[in-house]
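Let's take a friendly walk through one protein model, with a pocket, a helix and a strand residue as our stops.

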Amino acid sequence: MKLRQATAALTVAGILVTSAAGAAGWSPREWFARQDSAPPAATAVAPAAGTVAPATAPNYRAIVERFGPAVVGINTEGTTKTAARGDNDDDPLSQFFRGMPGRGGQSPVPVRGQGSGFIVGQDGIILTNAHVVKDASEVTVKLSDRREFKARVLGSDPATDVAVLKIDASKLPVVNLGDPKRLGVGDYVLAIGSPFGFEQSATSGIVSAKGRSLPGDAYVPFIQTDVAVNPGNSGGPLFDASGAVVGINSQIYSQTGGYMGLSFAIPIDVALSVKDQIVATGRVSHARLGVAVQELNQTLADSFKLPQPEGALVSSIDRNSPAAKAGLQPGDVILSYNGQTIARSGDLPAQVGLARPGDQAKLEVWRNGRKETLTATLAGSSEKLAAASPASAARGKLGVAVRPLTDEERQEAHLRAGLLVEQAGGAAARSGVEPGDIIVAINGTPIASVPELQKRLEQAGGQAALLVQRGDTQIFVPVKLG
């Protein structure tokens with residue numbers, strides 16, 4: 001088992017945690033495939049005038065009739081560059097084309113895409129996905145009454161996949177904006193959009209899960225649904241049972257390139273936070289804590305003497321980051337952020353990423369069997385972290401042969417100490433430890449020598465949490481000791 005396959009490491013913007021259903025550049029081999037390749041303020045967040053309780057069967061017909069006119073189709077035109085014949089060394093004919101006019105370099109290729117959006121301001125403010133308008137040189141918005149407008153992209157934020165458009169129109173129909181926090185698993189939801197270009201198509205389902213973390217999307221606690229979402233639906237609204245927009249349809253999980261029962265929407269409060277920044281300043285700033293975290297399982301929880309597997313386990317700290325200055329350490333488990341419970345590791349990046357640089361973060365952490373409180377001042381820019389002795393055997397329970405790092409190896413790995421794994425077998429190999437890995441700590445305690453490793457293993461009992469570094473990535477590996 002490969003370590004990077006076993007657990008997804010998350011970076012709090014640094015949280016390294018992964019877009020979405022699109023007409024342009026659609027690849028059936030992508031599991032998470034993108035769906036489609038300052039103005040007056042928008043409507044404030046407020047629940048729509050509720051006509052039904054969340055669990056009551058909604059009147060979808062009434063929702064479509066009332067709010068369908070506020071849903072728009074989006075068509076884009078742009079260019080992308082592809083390698084021209086003569087640049088591909090794997091092409092057996094490439095040598096015959098080198099030096100010919102028009103050969104070599106990259107050739108611009110026209111690209112067209114389509115998606116959906118919805119109007120949040122009567123003056124022409126529209127929300128959609130960032131990937132819908134990515135690399136677009138021209139964006140056309142088509143209203144439900146078939147009128148078409150050229151749109152300006154006021155700004156987009158790839159980190160949350162939200163973009164804000166503006167068309168020159170007035171007195172437009174708008175959606176009502178709801179509160180995704182009031183949604184529960186099992187509640188009815190409705191999507192309206194333009195799948196495959198079929199305008200004003202409505203599909204319905206229920207909320208399957210909330211707060212879902214996806215690889216590469218650290219800032220968004222997605223709403224998972226079973227609503228049929230296909231290429232062209234990207235950027236369209238997700239309505240609750242009362243007709244209020246609670247999300248922006250953004251991604252699907254697929255092994256075929258089409259809908260397979262799992263759709264993901266960006267909560268509308270996340271999108272509105274991005275929209276407000278874009279409208280006010282034309283750009284978006286995300287806060288950064290500077291840690292990598294991972295999910296806890298029962299074995300890791302037992303290793304750290306946690307009552308149950310919950311929270312975000314800190315596997316590494318960026319140098320000179322807010323986390324480092326606040327005193328966070330690898331092996332800490334973050335249990336809450338500003339009073340909000342961190343139930344799963346994916347809860348933390350969403351909380352941090354939607355804060356503003358300079359905000360204070362009060363962190364409740366689990367360390368050495370007890371709770372502590374730390375305070376960090378969030379930053380605004382991301383920073384990527386990340387005399388030889390003979391090999392000594394420390395096989396025993398763990399099953400590895402290790403040696404201390406040389407000075408050069410420590411500098412290259414940005415570590416003060418650690419043990420290089422030269423051979424791996426037994427419990428360590430079964431858990432995914434490989435030769436070349438560096439054992440940095442056991443159960444949160446740094447390891448600098450073989451005797452230290454042996455001592456900590458004896459104290460660990462039946463299981464241990466190894467902090468292992470492979471390349472630039474650190475991750476805790478739960479090991480059941482032999």
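How much space lies in the second largest pocket? About 540 Å³.

## Ground rules

This is a predicted model, in which local features need pLDDT of at least 70 and side-chain atom pairs count only at pLDDT 80 or more, while totals for chains, interfaces and linings use all residues. Residues are numbered from 1 along each chain as its sequence is written, and side-chain values use heavy atoms, without hydrogens and water.

## The second largest pocket

A pocket here is an open set of points on a 1 Å grid over the protein atoms alone, where a 1.4 Å probe fits, with protein on both sides within 12 Å along at least five of seven lines; lining residues have an atom within 4 Å of a point. Its volume is the space filled by probe spheres set on the points, which are joined across faces, edges and corners.

The lining has 18 residues, with Lys181, Pro221, Asp269, Ala350 and Gln351 nearest the centre. Among the elements that each supply at least two lining residues are strand S12 (217-225), helix H3 (268-281) and helix H6 (347-353); helices (H or I, at least four residues) and strands (E, at least two) are DSSP runs, numbered from the N terminus.

## Helix H3

Just after H3, Gly282 has a positive phi of about 80 degrees.

## Thr76

Thr76 sits in strand S3 (residues 71-83). Thr76 is buried at 6% relative accessible area (buried means under 20%, with a 1.4 Å probe and protein chains only).

Notes
Buried means under 20% relative accessible area, exposed over 50%, partly exposed in between (1.4 Å probe, protein chains only).
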